[in-house]
Amino acid sequence: MNKLFIVTNLKSNKNENEAKIWLEGFKKIKEIEGSLLEKEIVVCPSFTELSLFKSFTLENNLPVKLGAQNVSPFDEGAYTGEVNAKQIRDYSDYVLIGHSERRNNFNESQDQLSQKVEVSLKYGLTPIFCVQGSGNKIPNGIKILAYEPLFAIGSGNPDTPQNADKVAKEYLSNSNDYHILYGGSVTSDNVSSFTKMENINGVLVGGAGLDFEEFIKIIENA
Ligand code: PGA
């Protein structure tokens with residue numbers, strides 16, 4: 001996995017019609033397919049749109065992987081309203097775990113996050129584990145980390161590439177198996193300042209990914 005990861009988290013946005021418009025526009029990615037060999041592009045839509053994204057990307061041969069934004073901490077069973085890893089695996093390769101919006105709005109605890117990681121790995125999903133600073137506890141089995149400082153998320157005020165690189169380096173000193181992404185106000189203008197840093201292996205994009213043209217520019221500039 002020496003690729004550069006360009007991941008977008010569409011968060012709780014886009015109904016089916018809006019998702020179709022995004023996908024139609026995103027087909028343009030095929031025009032730069034030749035330059036994507038070293039890049040792993042991952043789109044994380046809402047659960048309700050995962051099936052549409054999967055069939056559309058397969059039918060149109062788009063060079064992207066899919067990810068879920070969340071996963072149940074439980075295996076299949078009597079857990080009303082939960083979507084479990086076995087179900088998600090039918091649609092996606094990746095899953096976001098530990099995003100600050102889930103830690104803060106849904107009080108997800110370290111134990112729950114570890115359970116989510118465990119059940120994801122059991123079914124062959126690759127977790128992208130989000131941390132908000134240095135020194136966060138990382139569950140066993142994690143290979144991809146996303147450093148996303150709270151002040152930078154959705155604020156238009158990204159961390160400095162130097163500080164992001166420093167945090168990445170600290171995590172890498174615990175395991176040089178990690179791939180570390182940076183997230184927080186990434187745009188097509190600043191993406192390369194992060195991806196060129198020695199210890200950073202990609203980006204996790206929120207708001208800027210909602211516009212397919214901007215996301216394609218981010219992929220091109222990364
Ligand atoms: P942002 O979000 O790019 O809108 O800052 C990043 C994230 O929450 O992953």
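Start by selecting helix 2, residues 47-59, which lies across strand 2 (39-44) and strand 3 (65-68) (contact means heavy atoms within 4.5 Å). Helix 2 runs at about 175° to strand 3; axes are lines fitted to C-alpha atoms, for helices over the stretch in contact, with angles from 0 to 180 degrees between N-to-C directions. Helices (H or I, at least four residues) and strands (E, at least two) are DSSP runs, numbered from the N terminus.

A word on what you're looking at: it's a predicted model, where local features need pLDDT of at least 70, side-chain atom pairs count only at pLDDT 80 or more, and totals for chains, interfaces and linings use all residues. Residues are numbered from 1 along each chain as its sequence is written, and side-chain values use heavy atoms, leaving out hydrogens and water.

Eight of them close into a barrel, ordered 1-2-3-4-5-6-7-8, with parallel pairing (at least two DSSP bridges between two strands). From one strand to the next, the twist averages 25°. Zoom in on strand 6 (144-147) and strand 7 (179-183), paired over four bridges; here Leu 145 stands opposite Ile 180.

Next, pick the ligand. Its surroundings include Lys 11, His 99, Glu 148 and Ser 185 (a heavy atom within 4 Å). Which polar contacts (N or O pairs within 3.5 Å) can you label? A polar side-chain atom of Glu 148 is 2.6 Å from a ligand oxygen, while a backbone N or O atom of Ser 185 is 2.8 Å from one.

Key. Polar contact = N/O pair within 3.5 Å; in protein donor to acceptor, adjacent residues only side chain to side chain.
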